[in-house]
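Subject: Structure handover, salt bridges

Hello,

Here is the structure for your files. My notes on its charged side-chain pairs follow below.

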Amino acid sequence: MSKKSKALAKVGVKGSRLTALRNVRQNLRKVSYANPLLRALSYPKISALYLEVSSKCNLNCKMCTYKKEHTSTGFMSWSLFKKCVDEASKMGIKEVLLHFGGESLLHPQFKEYLKYVIDHRDHGGIQKVSWIDNGMLFNEDIANLVVSLKVDAIGFSIDGVGALNDSIRLGAKYSVIERNIKYLLKKRANAKPEVFLSMCSYGKTEEQLMDVYREWAQHIDRITLIPSISSDNSIDNRENFLKGSNMVQPPSFCTYPFDLMAVSWTGEVTGCCLDYAFKLHLGDASKNSLADIWRGSQYHTLRKHSLKNVFPSGPCHNCEFWKINFEPKEEQILDGTATLRYGYIYKTIKKNN
């Protein structure tokens, strides 16, 4: 057997083990929540709390359904933000993400909000603070603050190199985004934050994806390729996104309601990362505590539906996002200088050390 064949076989065995381990964990989680006694002993904990500090956006991306689903937009009030951060700190939530559907830097008090949540990371129970940005307003002043506060991670949304990006992300200028990212990379040196790109599969050929990898893989920590999702949460451009991969059996249920909470600028709560219009109506953070909402009847009902894969209506009814399950494997790209990893739902590109 050639060295290449042996390497591929090794990756295949590793991938099978990872898939099996993932399935075991899923089944244990399902059993523990379905049983009232076990559920009381090991109740799910929020690992990611999204705070929609701004529902306004300065771009009109072609694949985005966010603006189409919103009738009103605004900024999260200081009182609501402070309440959520204080409660998240007491609950020991692993990560607070300062974005959901809009562009966070549009908020006129964003710097103060960022400093407050970082203080609760440094002196409270929050472990990590991050957000994803469209890069247009991320100037040197913001970058300097991010580095001084040691923000854990910043993601930038890019959908191509040069004119391609600007033709998809209407209102964006690639040259501005490139300049802002590269300033941050220079300023941070080898310290925080982790810097990554988040790219959607929409509107790009395989070669155009490679152009992005070629341009950025050696400079940033990772590139994450995510599927383009239609308004009903089905996969858009399925063939393009799944190209070059093998799919294995999906998880037995969607785990997002067991891990995630998102709070809108008005206080509405959802347990789905794709429910940008907050149609699930799981609670109101302006009136009730995050802990009470998390353990409340609406969340419990959603989790029961998830365990049975039966969603009567709403954004979960036709959702295919959580069913994407790549066979774990790795591919060497860019003449062996970077690795393309297939994981659960996402593809990740990292430079080789």
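A residue is called buried under 20% relative accessible area, exposed over 50%, and partly exposed in between. By that cut-off Arg214, with a relative accessible area of 45%, is partly exposed. Please keep in mind that the model is predicted.

Arg214 is paired with Asp211 in a salt bridge, with 2.9 Å between the closest N and O atoms. Asp211 is also partly exposed, at 31% relative accessibility. Both residues belong to helix α9 (residues 206–216), where they sit three residues apart, about one turn of the helix.

In total, the search of the whole structure gives 16 salt bridges. Some others are listed here.

Arg169 and Asp159 form a salt bridge through their side chains, at 3.0 Å from N to O. Arg169 is in strand β6 (residues 169–170), while Asp159 is in the loop between β5 (153–157) and α7 (163–168), so this pair ties together parts that are 10 residues apart in sequence. Arg169 is buried, at a relative accessible area of 7%, and Asp159 is buried too, at 1% relative accessibility.

Lys329 and Glu331 make a salt bridge as well, their closest N and O atoms being 3.4 Å apart. Here Lys329 is partly exposed at 21% relative accessibility, and Glu331 is partly exposed with a relative accessible area of 28%.

Finally, a network of salt bridges links Arg121, Asp122, Asp152 and Lys192.

Regards

Conventions: Residues are numbered from 1 along each chain as its sequence is written. This is a predicted model: local features need pLDDT of at least 70, side-chain atom pairs count only at pLDDT 80 or more; totals for chains, interfaces and linings use all residues. Side-chain values use heavy atoms; hydrogens and water are left out. A salt bridge is a side-chain nitrogen of Lys or Arg within 4 Å of a carboxyl oxygen of Asp or Glu. Helices (H or I, at least four residues) and strands (E, at least two) are DSSP runs, numbered from the N terminus. Buried means under 20% relative accessible area, exposed over 50%, partly exposed in between (1.4 Å probe, protein chains only).
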